[in-house]
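Open the model in a viewer with residue selection ready. The tour below goes stop by stop, each with something to select.

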Amino acid sequence: MLPVTIKRGMTIRRRILIIIVVLIAIIAGVIFYLTRGDTAQLSADAVSGTRPRITSPRVQQFPTIDVADVVGWQGAAKPVAAAGLSVNAFAADLDHPRWLYQLPNGDVLVAETNSPKRPTGGISDFVMKTLMSKVGAGGPSANRITLLRDTDGDGVADFRSVFLTGLESPFGMALVGDRLFVGNHNALVAFPYKPGDTRITAPAQKIVALPGGGNHWAKNVVADPTGNLLYIGVGSSTNIADNGMDAEKNRANILEYNLQTHKIRIYAAGLRNPVGMAWEPKSQQLWTVVNERDMLGSDLAPDYLTLVELGAFYGWPYSYWGGYEDPRVEARPELLQYTRRPDYALGPHTASLGLAFGSLGTFTDGAFIGQHGSWNRKPVSGYKVTFVPFGPRGFPQGKMQDVLTGFLDKDGKAQGRPVGVIVDKAGSLLVADDVGNRIWRVSLGR
């Protein structure tokens with residue numbers, strides 16, 4: 001009887017192993033199906049302009065992750081400028097340069113910065129941390145602002161100085177009178193400034209606390225033309241208020257701070273992540289570029305450029321592009337009639353961050369936009385500097401035009417990623433490249 005018992009035992013174990021193998025195969029198949037990602041059915045250009053194509057959402061339980069691996073600039077490699085323009089490195093060997101500001105004397109300030117330390121308690125935190133490392137943003141923040149000066153006018157910074165240190169994930173900068181305002185991730189602070197200063201050692205003066213951290217930590221700051229008001233872009237903490245609206249207090253807004261009364265108010269709301277802000281020169285109206293929501297598929301929702309109106313609501317988190325309801329969020333139909341449609345779509349998941357108005361060569365009277373590049377779209381989008389032409393009445397018209405490309409190499413890997421853009425006093429375009437650790441200068445061809 002003993003051999004029979006052994007045979008039956010082996011048969012049971014074999015059946016259990018088969019069941020385990022089958023279950024593993026099924027689970028692996030499900031994971032593969034859920035994580036293979038959503039492929040775009042439209043080109044990024046089709047989801048751009050004043051009348052983008054808005055298709056039905058394809059809600060994802062697991063995000064599409066298709067981000068360009070970082071390789072950096074090798075040898076003499078550099079971006080490709082549009083016809084009639086040339087590009088050179090204005091400055092190199094920086095530490096994750098993201099935002100730019102030019103002082104009246106021509107000195108250029110660059111915020112070398114990264115996100116504050118991220119929590120690592122949950123799966124989403126782990127995924128975010130892993131993704132940031134993959135795109136070259138996993139290191140600690142340098143927490144400084146560096147001054148760059150071109151003393152001989154040859155288009156290359158030949159003098160640099162550590163201008164400010166001890167900051168907390170700094171981003172936006174704005175000079176008003178003799179005070180330089182800086183947007184830390186958790187507060188608006190100010191420092192005394194004298195023309196020609198190359199270093200500030202005075203302690204920061206805290207002006208107002210801001211909600212810190214979160215997925216969208218960068219706080220841009222611009223002053224109005226009168227110098228009486230400051231506007232601060234504050235992005236949402238999560239994708240679609242995943243932790244409830246209480247966790248999003250004073251977020252997904254542009255705040256207005258009055259330098260005379262010291263009061264702060266919400267100027268415009270429902271803006272998921274308003275980063276670049278600038279004044280359109282003809283109308284003197286405030287405009288912003290906004291990063292829209294993720295995980296609705298590779299064709300939704302378009303990032304956008306829009307006029308910012310006092311008291312306007314732009315939909316987040318309940319809807320996108322002026323009234324398309326997000327099926328993942330509890331409906332608020334009573335808000336739809338008050339939701340303002342943005343003015344110009346910039347393509348899905350392009351991560352449009354930088355914004356500067358100006359002209360350069362054949363690109364006349366419009367907005368230059370730094371598109372950092374997608375992570376939640378297949379194939380990738382963005383990874384370039386583009387231009388939106390404006391008409392005589394101060395509104396966008398026509399198609400976007402590429403100004404600076406080549407940030408992706410022939411294998412689709414990231415040599416660089418553009419962020420902040422400014423038009424300098426000489427009329428050239430400066431572009432912060434946080435992966436390439438350079439500032440690029442785009443000028444008329446020589």
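Start with Arg340, which counts as buried because its relative accessibility is 17%; buried means under 20% relative accessible area, exposed over 50%, and partly exposed in between (1.4 Å probe, protein chains only). This is a predicted model: local features need pLDDT of at least 70, side-chain atom pairs count only at pLDDT 80 or more, and totals for chains, interfaces and linings use all residues. Residues are numbered from 1 along each chain as its sequence is written, and side-chain values use heavy atoms, with hydrogens and water left out.

Next, select Lys410 and Asp411. They form a salt bridge whose closest N and O atoms are 3.4 Å apart. Here Lys410 is exposed at 78% relative accessibility, and Asp411 is exposed with a relative accessible area of 54%.

The structure holds 17 salt bridges. Another one to show is Arg293 with Asp326, at 3.1 Å from N to O. This pair links distant parts of the chain, 33 residues apart: Arg293 is in the loop between strand 17 (285-290) and strand 18 (302-307), and Asp326 is in the loop between strand 20 (324-325) and helix 3 (333-336). Helices (H or I, at least four residues) and strands (E, at least two) are DSSP runs, numbered from the N terminus. Both Arg293 and Asp326 are buried.

Now go to Val234 in strand 13 (residues 229-234). Is Val234 buried or exposed? Val234 is buried, with a relative accessible area of 0%. Leaving aside neighbours within four places in sequence, its contacts (heavy atoms within 4.5 Å) include Pro211, Lys219, Arg251, Leu255 and Pro274.

Last, select Ile12, which lies in helix 1 (residues 2-35). Together with Ile16, Leu17, Ile20 and Ile24, Ile12 makes a nonpolar surface patch of about 480 Å². Patches are made of residues with over 30% relative accessible area and no salt bridge, like charges being joined within 9 Å and nonpolar side chains (Val, Leu, Ile, Met, Phe, Trp, Tyr) within 5 Å; accessible areas come from the Shrake-Rupley method with a 1.4 Å probe, and for residues only the protein chains shown count as cover.

Methods
Salt bridge = Lys/Arg side-chain N within 4 Å of Asp/Glu carboxyl O.
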